[in-house]
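Subject: Structure handover

Hello,

Here is the structure I promised you. Please open it and keep it beside this email while you read.

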Amino acid sequence: MKKDILNRKDIVVLVDRFYDKVKQDERIGPFFNEVVKVNWTKHLEAMYNFWENVVFHTGNYEGNPMSKHQAMHQKRPMRMEHFSQWLSLFNETVNEHFQGKNAEAIKQRASSIGTVMQVKLFG
Ligand code: HEM
């Protein structure tokens with residue numbers, strides 16, 4: 001039986017496995033590899049902090065995801081299908097490794113953050 005997401009170590013596993021998929025994804029990979037050319041060390045560290053804060057309220061994420069996505073959207077417009085692909089890879093990764101209350105909560109949070117972003121980007 002799979003375990004729940006219990007600590008930062010679990011968040012690191014989830015985030016690393018998720019971006020392994022994202023990097024190789026032909027629909028959303030190019031946003032990371034071409035549009036932004038992310039520094040993966042920095043990006044992964046920011047994402048560990050972001051999700052750790054979402055699940056465990058650690059207060060250790062300082063950043064503005066919306067402005068980063070806005071800037072990216074100016075360079076290459078994102079569409080609904082990018083968000084659904086992002087979410088489906090995220091949910092798939094959670095389900096492959098974890099199950100439980102926090103595993104359900106993190107999928108819910110990803111989905112609602114994604115909805116807010118789309119409303120702000122697409123109106
Ligand atoms: C659906 C829910 C999504 C969530 C919760 C989310 C969350 C985040 C967060 C927290 C950051 C880090 C900002 C920082 O550095 O502090 C980020 C960055 C980024 N996201 Fe998303 N994102 C989502 C969707 C997407 C989609 C659909 C794409 C592209 C198709 C995308 C591409 C990126 C890229 C390229 C960066 C790096 C931006 C930069 O460093 O300038 N994201 N995202």
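Below is what was found in it, topic by topic.

Two points on the source come before the rest. This is a predicted model, so local features need pLDDT of at least 70 and side-chain atom pairs count only at pLDDT 80 or more, while totals for chains, interfaces and linings use all residues. Residues are numbered from 1 along each chain as its sequence is written, and side-chain values use heavy atoms, with hydrogens and water left out.

**The iron atom**

Which residue is the only protein donor of its iron atom? The donor is His69, through NE2, at 2.0 Å. A donor here is an N, O or S atom within 2.8 Å of the metal (3.2 Å for Na, K and Ca). Water is not among the atoms, so sites may look incomplete.

His69 sits in helix H4, residues 65-75. Helices are DSSP runs (H or I, at least four residues), numbered from the N terminus.

**H4 against H6**

Helix H6 covers residues 101-122. The axes of H4 and H6 come within 11 Å and cross at roughly 45°. An axis is a line fitted to C-alpha atoms over the stretch in contact, and angles run from 0 to 180 degrees between N-to-C directions. H4 and H6 are therefore oblique to each other. On this scale, angles under 35 degrees are roughly parallel, over 145 roughly antiparallel, 65 to 115 roughly perpendicular, and the rest oblique.

The crossing of H4 and H6 is right-handed.

Now the residues. From H4 come Pro65, Met66, His69, Gln70 and His73, and they meet Met117, Lys120, Leu121 and Phe122 of H6. Five residues of this contact are nonpolar, three polar and one charged. Contact means heavy atoms within 4.5 Å. For the classes, Ala, Val, Leu, Ile, Met, Phe, Trp, Tyr, Cys and Pro count as nonpolar, Asp, Glu, Lys and Arg as charged, and the others, Gly among them, as polar.

**H1 and its partners**

Look next at helix H1, residues 8-24, and helix H3, residues 40-56. They pack at about 130°, with axes 9 Å apart. H1 and H3 are therefore oblique to each other. H1 crosses H3 in the right-handed sense. On the H1 side, the residues include Arg8, Ile11, Val12 and Tyr19. On the H3 side, they include Trp40, Leu44, Tyr48 and Asn49. By class, the contact of H1 with H3 has 11 nonpolar, two polar and five charged residues.

H1 also packs on helix H5, residues 80-97. The angle is about 135°, and the axes are 9 Å apart. H1 and H5 are therefore oblique too. Their crossing is right-handed. Among the residues in contact are Val13, Leu14 and Phe18 of H1, and Trp86, Leu89 and Phe90 of H5. The contact of H1 with H5 has eight nonpolar, two polar and four charged residues.

Is Asn49 buried or exposed? Asn49 counts as buried, at 16% relative accessibility. The cut-offs are under 20% relative accessible area for buried, over 50% for exposed, and partly exposed in between (1.4 Å probe, protein chains only). Asn49 belongs to H3. Leaving out residues up to four places away in sequence, Asn49 touches Arg8, Asn60 and Tyr61. Asn49 and Glu62 are 13 residues apart in sequence and 8.4 Å apart in space, C-alpha to C-alpha.

Gln85 lies in H5. Gln85 is buried, at 12% relative accessible area. Which residues does Gln85 contact, beyond its neighbours within four places in sequence? They are Asp25, Arg27 and Ile28. Gln85 and Gln99 are 14 residues apart in sequence and 21 Å apart in space, C-alpha to C-alpha.

**Two loop residues**

Lys37 has a phi near 50°, a positive value in a residue other than glycine. Lys37 is in the loop between helix H2 (29-35) and H3. Lys37 counts as exposed, at 62% relative accessibility.

His57 also has a positive phi, near 55°. Its loop runs between H3 and H4. His57 is exposed, with a relative accessible area of 64%.

Best wishes

Technical notes:
A crossing is left-handed if the near helix is turned anticlockwise from the far one by less than a right angle, and right-handed if clockwise.
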